[in-house]
Every structure is written in structure tokens, then in C-alpha cells.
Amino acid sequence: MSTQGLESVDESSTGATPQCRPRVLVVDDEPGIRESLRIILRDEFDLSFAETGEDAVRIAAADRPDAVLLDIVLPGMDGIATLERLRLELPSTPVVMVTATRTVKTAVTAIKLGAYDYVQKPFDLDELRILLGNAARTSALQREVDELRAAVGRRYQFGNIVGHAPAMQDIFRTLSLVAPLRTTVLITGESGTGKELIARALHYQSPRAGRPMTAINCAAIPESLIESELFGHERGSFTGADARKLGQFELANGSTIFLDEVGELHPSVQAKLLRVLELGEFIRVGGTRPVSVDVRIVAASNRNLEEGSRDGTFRADLYYRLNVVSVHLPPLRERREDLPLLIKHFARQKAAELGIEERAFSPETIDLLLRYRWPGNVRELENLVERLLVLAVPGAVRSEELPSGMRQAPPPAGRDARAEVLLGQKTLATAVDDFERDIIEEALEQLDFNQTRAAERLGTTRRVLKYRMDKLGIRDR
Ligand SMILES: Nc1ncnc2c1ncn2[C@@H]1O[C@H](COP(=O)(O)OP(=O)(O)OP(=O)(O)O)[C@@H](O)[C@H]1O
Ligand SMILES: [Mg+2]
């Protein structure tokens, strides 16, 4: 997985900018009408014209107008047939139909086929202007929504989640297999390891991506409210329930619900959740009829739910239902090889987001960061990188800029190996090899597997490095 493709919206394809006049395609076979429309509308709109339905479809496909004004009566392909073609080829372009009084019935048909609205001849000029203006604005908004949605989708591509460590690569493989399915996924891992990020990626790489994902933090909602929050309630079901309220499961129909900290759910709610997982239905608080929903459930927990199911704090049957596919995100200290890439990823992302200069990190700084324990995992690293960028000291980030806790971090390996050798658990040769392998691998990671630069960093030549790599079984990427 790579670190490219930050989620900035591609401005070049944004279409209508607010400053320029909306572009409207006028389709009418009568030259007189075209001419009068030109005079009426030219101050407000940027106009193009077509005489036939066939021309209209061709011009619209090429020019992508913000709205189309389409006469229903046309020679050859009539207005209705033209509308159908336009809806098919440019579904987000609003089409305003023009009818003579006698064709109003046809106009109703047109609305059913997806026309934006219709106007009657002879024109009411104000009405026509307002209608076309609204139609054009709708289409600009629709385009904006489409683009933002695409940008969100890009942000949550697996390719934007950093992870070269073998455990992460395994996770990505599992995720791309299950993302398109409705399968329930349970994500576990310490705080800040990326559970929510993975949940969003699952959602945005699924056919449900057209709707937003609903995220619920089960620990943040008071016990007395969570049931009604998730499943809704009927009017009068408890004091204060003065109207029916739909729950998140009903609102998320057709989409994905992310149940964060699912281990904190109250036992009575656990039972209801089990029912949704087994039958796809639930009963609103105070209700009697079951409500069916099509919701995909992704759950996360930083607690060990298996243990919870053994000691009775979490229903075992629910645990098995949630655990159909499970993904365990390793803590950052167990995938240190991803650190240099994550630093680069966040430096680039934060610089782009904040509109500030990206900063490189000096090798000494990276060394210290590699030794730190990262109790807050990726989130802690992300915040640190942002802080270092915002402080904007010129040049590469130096070790003195790190918080003191990170500067005094003890070396991770070495100590234990030393004890192992002295206790006779490991030979000196193996310990030395392990140490050398560790250092060479880290140097290679840090320098993007450029062997010449890694050799330089390690004070040797590329040939010797290559020889040691073969000997120690280090594979080139
Ligand atoms: N592998 C990764 N690549 C890029 N960014 C990551 C990665 N893992 C985590 N992040 C980022 O780190 C931050 C924390 O991740 P996230 O909120 O998903 O963690 P979490 O496991 O849900 O934490 P918590 O248990 O505290 O809720 C987010 O901004 C996320 O985008
Ligand atoms: Mg989270």
C-alpha cells in the first residue's frame, strides 16, 4: 500500500464556478423562438442552441451544460425521446421542458421520466429565468456532491492506509476480499491503531459507499439512551418520548453502521443487536412490530471481547456473530518498519491540509522515533508530526524538537539480546546477526530500499551491503 493520493479535490474538473454565468442549452426547432429566448436570456446565461433532439444530445454530451431547456414538440426525435437520451447520458444535468398548453399531459409524463420541471408557452419571463437559474444551481450542487463523494472515497482507499508490515499486508488482503460483501467485520486493536479508518475504508470500498457511514460510539452514549438511539422508540414508550423517533439502524438502512467500543454495550442492548445480526430486524423501544433493515455492521473494540465472553461481561453468542471476519491491528511498536512511511505520509498530508511547508525529518530524529514505545499509536504519531510542522522551524526536524519523553527512549533491542546471550539462551553469533539484520532492514526502510544510500548511511559499500543482505537472508523489496 502506498502513501500517495492525498484527498484534495481535483479543482480542474469542478465545472461551473460561481463567477461565470450558468451554461444553458436551448433546444427548439423554430428560429423565431430561439431568437427571442436568446434576447431574453443572454444577460444571465451563457447560451448554446440546438434545432433537433439529435443535435441536442450531441451538443450536451460535448459541452456539458448546467441545464437544458427542451421543447417537447420537435421534428424527428421528439422532446420526450430526447429527454430519455439526456437522462441516460447526462443523469445529473437538469432538463426543463417547454410545453404548449395542449401538451401539458405530456409534460407530466416528462416529469415522471426525470425532467426537472416544465414551463408553458407563451413564457412568463420571470418564471423562466428563476427556473433555469435554480436548475443550473441544482446541477452545480449535484456536481459538487459527486466530487466530494469521490474525494471521500479516494481518501478511504486501502491505498491511502500506510502499512508495509506483513501483518498489515495480510489485513489489506482480507479487507479487499470482504469489503464488497455484507459480512460483519470485527476490528480490534489498541487506541489509535486505525480501527475507525479501516471501518471507513470497508464502507467506502463497498457498494454502500453512495450513502454516508453511521458511526456510533457505544461508550459515549448513556446507558439509558443507547437502546432508543440505536433502535428508535414509539411515542409514549417512556417519559419524555413525546413522538416516535427513528433509531440509527433505521436511518442507516442500505448503508453501514460502525459500532465503536462495542464491548461497552449494556447486556440488554447486546441481546437486541444479536437479533439484528441473526434476523436483520429489531423492535423499537415500546413497539410491538419488528422492523426489517439492510444494514452492514462493522464493530470495533480495544477490549479483548473473547476474554469478555469468557468472563461473562460480553455475550458469547454475540461475540461469535460479530467475529465472522476479524481484523486485529497491531500496535505501532510492533510494526516499527511502517514508521518512516507514516511520518512521510503525515508530513505530506498535514502540509497539504494546512497549506504549510512540508518538513523532512533528520535521521537522528527518525532513530529516536523508532525507539519510542508509541502508547497512543498512529494517532500519537499523527499529532506529533502536525505539531512539528506547525512550529515551522526552518529545515529538517531535529531531535531537539522532540518532546523530552521521546528523546530519552531506551533502545528497543540490544538489552534483551545481551541478557539472552549472557544467560546462554542465544549464541553470540546469532545475537550479532540479529542485531545486524535489524539495523540493515531499518536503514533500508528509511531510505526507500535504496541500497547505495543505505550502504552510505551504514558506512560501507553497496557491494558489501548486498553481500551481508544475502548472508542474513534480507530480501530486497
Ligand atoms: N495505517 C494508517 N495509515 C494512515 N493513517 C492512519 C493509519 N492508522 C491510523 N491512521 C490515522 O490515525 C488516526 C487514528 O486512527 P483511528 O481513529 O482510526 O484509530 P482508532 O483505532 O479508532 O482509535 P481509538 O480506539 O482511540 O478510537 C486517524 O487520523 C487515522 O486516519
Ligand atoms: Mg476510534
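Into which domains is the chain divided? The chain is divided into domain 1 (21–150), domain 2 (159–330), domain 3 (334–407) and domain 4 (415–472), with bounds that come from an automatic or database domain assignment. This is a predicted model, in which local features need pLDDT of at least 70 and side-chain atom pairs count only at pLDDT 80 or more, while totals for chains, interfaces and linings use all residues. Residues are numbered from 1 along each chain as its sequence is written, and chains are lettered from A and ligands numbered from 1 in the order in which they are written.

**View 1. Domain 1 and domain 3.** Taken over C-alpha atoms, the centres of domain 1 and domain 3 are separated by 54 Å.

**View 2. The shell around ligand 1.** Ligand 1 is surrounded by 16 residues, the closest being Ser-191, Gly-194, Lys-195, Glu-196 and Val-378; a residue counts as near if its C-beta atom, placed from the backbone, lies within 6 Å of the molecule. Domain 2 and domain 3 each contribute at least three residues to this shell, and helix H7 (195–204) and helix H15 (377–391) each supply at least two. Helices here are DSSP runs (H or I, at least four residues), numbered from the N terminus. By class, the shell holds four nonpolar, eight polar and four charged residues, where Ala, Val, Leu, Ile, Met, Phe, Trp, Tyr, Cys and Pro count as nonpolar, Asp, Glu, Lys and Arg as charged, and the others, Gly among them, as polar.

**View 3. Helices H2 and H3.** The axes of helix H2 (residues 53–63) and helix H3 (residues 79–89) come within 9 Å and cross at roughly 20 degrees, the axes being lines fitted to C-alpha atoms over the stretch in contact, with angles from 0 to 180 degrees between N-to-C directions. H2 is therefore roughly parallel to H3, a term for angles under 35 degrees, whereas those over 145 count as roughly antiparallel, 65 to 115 as roughly perpendicular and the rest as oblique. The contact residues (C-beta atoms, placed from the backbone, within 7 Å) include Ala-56 and Ala-60 of H2 and Arg-85 and Leu-86 of H3. This contact of H2 with H3 comprises six nonpolar, three polar and two charged residues.

**View 4. Helices H18 and H20.** Helix H18 (residues 428–446) and helix H20 (residues 462–472) have axes that come within 11 Å and cross at roughly 125 degrees, so H18 and H20 are oblique to each other. Asp-433, Glu-436, Arg-437 and Ile-440 in H18 meet Arg-468, Met-469 and Leu-472 in H20. The residues of this contact divide into three nonpolar, no polar and four charged.

Conventions. Contact = placed C-beta atoms within 7 Å.
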